[in-house]
Amino acid sequence: LPFTDQQLRSLAERQLVKWADRAKERHQVTLTWNPEVMDVVTKGYNVRYGARSIQHEVDRKVISQLAAYHELDKIKPGCKVHVTANKK
């Protein structure tokens with residue numbers, strides 16, 4: 001059975017919280033986001049891959065971009081990052 005919209009949002013939020021906790025613990029970075037971020041992430045849901053597709057979307061659309069900025073030293077320990085979504 002496919003997930004409901006509310007379940008998908010819950011899965012997306014759980015993934016974002018996991019990454020926020022990891023960013024705080026490992027890099028002293030505070031990560032927050034707008035609710036629209038979860039909308040963008042849940043659009044990538046694929047019933048065939050289930051919850052794993054949500055994990056992949058969070059990694060692809062949020063975490064990989066944050067990692068790239070971190071590698072460029074644009075995200076430093078102690079900073080706050082607020083993720084927003086541009087719904088196109």
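User: Which residue follows α3, and what's its phi like?

Analyst: Asp73 follows α3, and the phi of Asp73 is positive, near 60°. Asp73 sits in the loop between α3 and β2. Helices here are DSSP runs of H or I with at least four residues, strands are runs of E with at least two, and both are numbered from the N terminus. Before we go on: this is a predicted model, where local features need pLDDT of at least 70 and side-chain atom pairs count only at pLDDT 80 or more, while totals for chains, interfaces and linings use all residues. Residues are numbered from 1 along each chain as its sequence is written, and side-chain values use heavy atoms, with hydrogens and water left out.

User: Ok. How many residues does α3 have, and how far does it reach?

Analyst: α3 runs over residues 51-71, which is 21 residues. From first C-alpha to last, α3 reaches 28 Å, close to the 30 Å expected at 1.5 Å a residue; that expected span is 1.5 Å times one less than the number of residues.

User: Where is the kink in α3 centred?

Analyst: On Ile63, with a kink of about 40°. The bend at a residue is the angle between axes fitted to the seven residues ending there and the seven starting there.

User: Which residues of α3 are buried?

Analyst: Ser53, Ile54, Glu57, Val58, Val62, Ile63 and Leu66. Buried means under 20% relative accessible area, exposed is over 50%, and partly exposed is in between, using a 1.4 Å probe and protein chains only. As background, residues three or four places apart in an α-helix point the same way, because there are 3.6 residues a turn.

User: And what do the buried ones pack against?

Analyst: The buried residues of α3 pack against α1 (5-27), β1 (30-33), α2 (35-42) and β2 (80-83). Contact here means heavy atoms within 4.5 Å.

User: Switching to pockets. What lines the largest pocket?

Analyst: The largest pocket has 13 lining residues, and Ala23, His27, Leu66, Ala67 and His70 lie nearest its centre. α1 gives the most to that lining, with five residues. The space in the largest pocket is about 270 Å³. On a 1 Å grid over the protein atoms alone, a pocket is an open set of points where a 1.4 Å probe fits, with protein on both sides within 12 Å along at least five of seven lines, and lining residues have an atom within 4 Å of a point. Volume is the space filled by probe spheres set on the points, which are joined across faces, edges and corners.

User: How about the second largest pocket, which residues lie nearest its centre?

Analyst: Lys61, Val62, Gln65, Val83 and Thr84, out of 14 lining residues. About 230 Å³ of space lies in that second largest pocket. The largest share of its lining, five residues, comes from α3, and α2, α3 and β2 each supply at least two residues.

User: New topic: what does Cys79 touch?

Analyst: Leaving out residues up to four places away in sequence, Cys79 touches Gln28, Val29 and Thr30. Cys79 is in the loop between α3 and β2 and is partly exposed, at 23% relative accessibility. The C-alpha atoms of Cys79 and Leu31 are separated by 8.8 Å, though the two residues are 48 residues apart along the chain.

User: And where does Gln28 lie?

Analyst: In the loop between α1 and β1. Gln28 has a positive phi near 55° despite being a residue other than glycine, and Gln28 is partly exposed, with a relative accessible area of 41%.
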